[in-house]
Amino acid sequence: QWCGYGPPTYSPPKRKRTGLEIGYLYGTAAAWGVGTGIWLDFEAEVDNPGIAIIMPAIFGALAPLGVFIADYVMDDMPRGLPASIATGIWLGAGLGMGIWAVQNTTSSSSNEWGFKEFGRAEFVGSTAGGALGALAGALLEPSPKTSMFTLSGATWATLIGGAFGGAASEGDWSRSNHYVMVGGLVGYGVGVLGTAIPSLAWVPSWSQIGAMWAGFGIGVAATTPIYLVYLAVPRSPLLAAAR
């Protein structure tokens with residue numbers, strides 16, 4: 001029996017993550033662990049294939065195990081947190097890849113970053129992205145749909161930015177590749193901000209996200225043949241078409 005001085009308060013139970021959402025985080029954690037192990041092999045200059053498989057296997061198992069322990073301790077993570085962490089890892093990895101690609105294509109052969117630097121960029125970017133995703137998930141409690149919308153927007157804008165970069169370039173690939181990479185990195189930033197900020201006030205439905213992907217795919221399928229034709233000629237017509 002309630003014996004307080006005011007009316008009893010009711011706190012609705014927090015919604016917990018779904019199996020699909022935690023599976024997304026498990027898969028992402030495994031990919032992060034295997035990638036980290038491969039990078040460490042290159043840092044250590046491991047040449048023996050039998051030994052080289054050890055670190056990817058260990059980290060590929062430990063990372064999902066860490067997810068399992070965290071999920072168990074929290075008695076199932078709250079809804080949105082696993083997707084936020086996983087999406088943060090992918091977004092951070094994408095940013096690291098973009099920075100590496102721009103540096104690699106805009107630097108001289110003696111100064112360009114190699115695979116070790118690529119691994120470092122991926123490790124730092126993905127780890128920092130996962131930490132920021134965990135923070136955002138804990139403070140903002142975003143819907144899994146918000147995370148997927150942001151990841152989708154970053155993907156769309158990166159591809160579009162790279163296409164615009166190629167349209168603005170001249171010459172063969174060896175002379176124009178850095179335009180594509182810079183355009184892709186700029187597009188990535190626009191895509192992340194352009195989807196994350198509206199998501200603070202609006203959460204798309206799964207059908208809306210699917211329709212956006214369908215529209216993007218149709219647009220790509222319809223325009224790619226024209227784009228490929230223009231790639232074989234001076235870029236000015238392509239730039240005009242892109243504009």
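A: Of the contacts in the protein between residues at least 6 apart in sequence, 77% join residues at least 24 apart; contact means heavy atoms within 4.5 Å. This is a predicted model, in which local features need pLDDT of at least 70 and side-chain atom pairs count only at pLDDT 80 or more, while totals for chains, interfaces and linings use all residues. Residues are numbered from 1 along each chain as its sequence is written, and side-chain values use heavy atoms, with hydrogens and water left out.

The protein has nine helices and zero strands, which gives the pattern α-α-α-α-α-α-α-α-α along the sequence. Helices (H or I, at least four residues) and strands (E, at least two) are DSSP runs, numbered from the N terminus. Of its 243 residues, 35% count as buried. Buried means under 20% relative accessible area, exposed means over 50%, and partly exposed lies in between (1.4 Å probe, protein chains only).

The part to look at is the second largest pocket, with a volume of about 680 Å³. Of the 29 residues that line this pocket, S84, L91, A136, T150 and A196 are the closest to its centre. A pocket is found on a 1 Å grid over the protein atoms alone, as an open set of points where a 1.4 Å probe fits, with protein on both sides within 12 Å along at least five of seven lines; lining residues have an atom within 4 Å of a point. The points are joined across faces, edges and corners, and the volume is the space filled by probe spheres set on them.

Four helices, α4 (81–106), α5 (115–140), α6 (144–167) and α7 (173–196), each supply at least two residues of the lining. Helix α5 gives the most, with seven residues. By class, the lining has 14 nonpolar, 13 polar and two charged residues. Here Ala, Val, Leu, Ile, Met, Phe, Trp, Tyr, Cys and Pro count as nonpolar, Asp, Glu, Lys and Arg as charged, and the others, Gly among them, as polar.

T150 sits in helix α6 and counts as buried because its relative accessibility is 8%. Leaving out residues up to four places away in sequence, T150 touches L91, V192, T195, A196 and S199. Two of these, L91 and A196, are also among the residues closest to the centre of the pocket.

Helix α6 also holds G161. G161 is buried, at 12% relative accessible area. With residues up to four places away in sequence left out, G161 touches G183, G184 and G187.

K145 and V203 are 58 residues apart in sequence, yet 6.8 Å apart in space, C-alpha to C-alpha.

In helix α4, T105 can be examined. T105 is buried, with a relative accessible area of 18%. T105 touches N177, H178 and M181, not counting residues up to four places away in sequence. A polar atom of its side chain lies 3.4 Å from the backbone oxygen of V102.

Conventions:
Polar contact = N/O pair within 3.5 Å; in protein donor to acceptor, adjacent residues only side chain to side chain.
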